[in-house]
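Hi there,

Here is the structure I promised to pass on. Have a look at it first, and then read my notes below.

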Amino acid sequence: MDLQTLPKKVNKIDVYLNDQQLGLLTHSSVHYYQPTQTTHHVSLTMTKANMEGYNSGALHPIFRQNLPEGFNRLYIAEKLARYANVDDMYLLALQKDNGIGMLSYMSEIQLPEVEAVTLDDILSYSSSTPLFPQLIEKYYLRNAISGVQPKVSIPKTERTIEQKDLIVKSFDEEFHLLTVNEFVCMEAARHCGLKPPKTYLAKNLETFVIERFDKENKVTLGYEDFTTLLKKQNTHDAKYMGSYETLLKATHIYTDDLNEVRKMYQLIVFNCLIGNGDAHLKNFALQYTPDMKRIFISPPFDITHTIIYETIDNQMALKLEGSKEFPTKKVLLKLAQSTSFRIRDAEQIIEQLAAGIMDYLAQSETVDLFKGLRQSIEQSVATTMTESACSKTYSNNSYRHDKKRKFE
């Protein structure tokens with residue numbers, strides 16, 4: 001594409017749901033969203049019954065939640081530095097209809113078609129030249145996707161109509177074999193019955209691929225992470241400001257469904273057991289039908305065992321009982337109690353998830369591709385299940401479970 005044809009700045013974006021315009025987003029001294037109809041809302045947090053608009057100094061959370069951070073944002077900004085003012089509005093306009101969720105964005109930016117890349121192309125790639133930088137270069141104008149780590153969003157085309165939209169991730173020196181790590185954690189979640197999206201690991205281990213999960217029976221679902229749902233500030237550290245207690249309470253408020261609260265509890269417990277210190281607010285989300293009548297927990301995503309990396313402290317992303325230390329079983333049981341709900345089978349959930357993780361590790365060959373990963377995850381599970389309330393050091397005891405138990 002001739003980058004000189006791109007507009008220098010974007011101050012106006014039409015917001016759509018499929019072919020229906022929902023409203024107009026503009027930016028001058030403030031960001032202003034004006035609905036153009038009352039049938040559908042853009043967010044669970046923006047549901048006024050009339051046509052009154054919404055002012056915001058920073059871009060509204062629903063529009064900002066999918067914008068890139070870290071590597072991807074810097075890459076796009078550097079590539080377009082000579083041609084455009086790449087701010088939040090510009091990144092949103094580049095997102096067009098490729099963002100996670102039901103919203104799409106139309107502006108004066110027009111992008112050409114890109115040659116398709118198939119899932120098999122990615123998984124079977126074998127060359128001394130790494131694939132991931134090639135994918136970044138090919139898709140960066142369509143790569144306005146949230147997260148700090150390098151990733152690429154690959155939409156399906158006529159050539160790849162049988163495959164779902166994909167997200168492809170790689171790793172750097174600081175987070176060795178993060179691809180293997182995430183694949184193992186996500187497959188452990190599948191083994192435990194948590195129903196994550198389908199995942200793949202390239203033969204050369206360079207890339208991890210996950211299918212998009214925001215479409216159901218050809219209907220694109222709404223999607224909002226908990227930075228949006230909790231109306232957090234548009235700052236990098238906002239996703240780390242909160243607690244797992246708040247996650248459960250917010251889930252109860254938005255869904256009004258104790259079964260969805262139980263599912264959220266399962267996700268929190270699983271992340272604690274497997275040693276994911278990056279389970280922040282953006283890594284939990286709600287999905288809903290376009291009419292917002294059915295609201296439910298999104299499947300698990302972005303789960304890794306962070307404890308194995310020396311550059312990450314051995315703490316959780318959010319607080320639990322006022323602390324970011326990984327919890328004991330006793331603390332997890334207390335989390336299941338609330339003034340507005342009670343998860344009655346909490347102990348069974350904890351026991352089954354712990355045993356499910358251990359059972360998966362016992363039969364997984366992939367985990368051995370990352371030296372020490374199996375032992376580190378096993379220790380994480382053992383620490384939670386055997387640690388005394390007054391000790392915060394890893395236990396030397398092994399966690400034992402009934403290998404005959406099934407997990408549905």
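Is F270 buried or exposed? F270 is buried, with a relative accessible area of 1%; buried means under 20% relative accessible area, exposed over 50% and partly exposed in between, using a 1.4 Å probe and protein chains only.

Before going on, a word on the ground rules. This is a predicted model, in which local features need pLDDT of at least 70 and side-chain atom pairs count only at pLDDT 80 or more, while totals for chains, interfaces and linings use all residues. Residues are numbered from 1 along each chain as its sequence is written, and side-chain values use heavy atoms, with hydrogens and water left out.

F270 lies in helix α9. Helices (H or I, at least four residues) and strands (E, at least two) are DSSP runs, numbered from the N terminus. Not counting residues up to four places away in sequence, F270 touches C185, A188, A189, C192, L194, I303, L353 and I357, where contact means heavy atoms within 4.5 Å. F270 and I350 are 80 residues apart in sequence, yet their C-alpha atoms are 8.0 Å apart in space.

F270 also belongs to the largest nonpolar core, which has 110 residues. A nonpolar core is a set of buried Ala, Val, Leu, Ile, Met, Phe, Trp, Tyr and Cys residues joined through side-chain atoms within 4.5 Å. The members that touch the most others are F63, L80, Y244, Y265 and F270. Helix α9 gives the most to this core, with 10 residues. Apart from it lies another core of 17 residues, including Y125, V152, V168 and A202. As for L80, its contacts beyond four places in sequence are L3, L6, V86, Y90, L94, Y140 and L141.

Two packed helices are described by the angle between their axes and the distance between the axes. Here the axes are lines fitted to C-alpha atoms, for helices over the stretch in contact, and angles run from 0 to 180 degrees between N-to-C directions.

Start with α9 (residues 258-274) and α11 (residues 346-363), whose axes come within 10 Å and cross at roughly 45 degrees. The two are therefore oblique to each other; angles under 35 degrees count as roughly parallel, over 145 as roughly antiparallel, 65 to 115 as roughly perpendicular and the rest as oblique. On the α9 side the contact uses R262, Y265, Q266, V269, F270, L273 and I274, and on the α11 side A346, I349, I350, L353, A354 and I357. By class, this contact of α9 with α11 has 11 nonpolar, 1 polar and 1 charged residues. In this scheme Ala, Val, Leu, Ile, Met, Phe, Trp, Tyr, Cys and Pro count as nonpolar, Asp, Glu, Lys and Arg as charged, and the others, Gly among them, as polar.

Helix α9 also packs with α12 (residues 373-386), at an angle of about 115 degrees and with the axes 7 Å apart. C272, L273 and I274 of α9 make this contact with I377, S380, V381, T384 and M385 of α12. The contact has 6 nonpolar, 2 polar and no charged residues.

The axes of α11 and α12 come within 10 Å and cross at roughly 160 degrees. That makes α11 roughly antiparallel to α12, and the crossing is left-handed. I350, E351, A354, I357, M358, L361 and A362 in α11 meet R374, I377, E378, V381 and M385 in α12.

**Buried charges and an enclosed helix**

E260 is found in α9 and, at 5% relative accessibility, counts as buried. Outside its sequence neighbours up to four places away, E260 touches T251, T255, I295, F296 and I297. K282, in the loop between α9 and β13 (285-288), is buried too, with a relative accessible area of 13%.

Finally, 8 of the 8 residues of helix α3 (residues 88-95) are buried, so α3 is largely enclosed by the rest of the structure. Among the elements covering the buried residues of α3 are β1 (12-17), α2 (70-80) and β5 (103-106).

Enjoy exploring!

Key. A crossing is left-handed if the near helix is turned anticlockwise from the far one by less than a right angle, and right-handed if clockwise.
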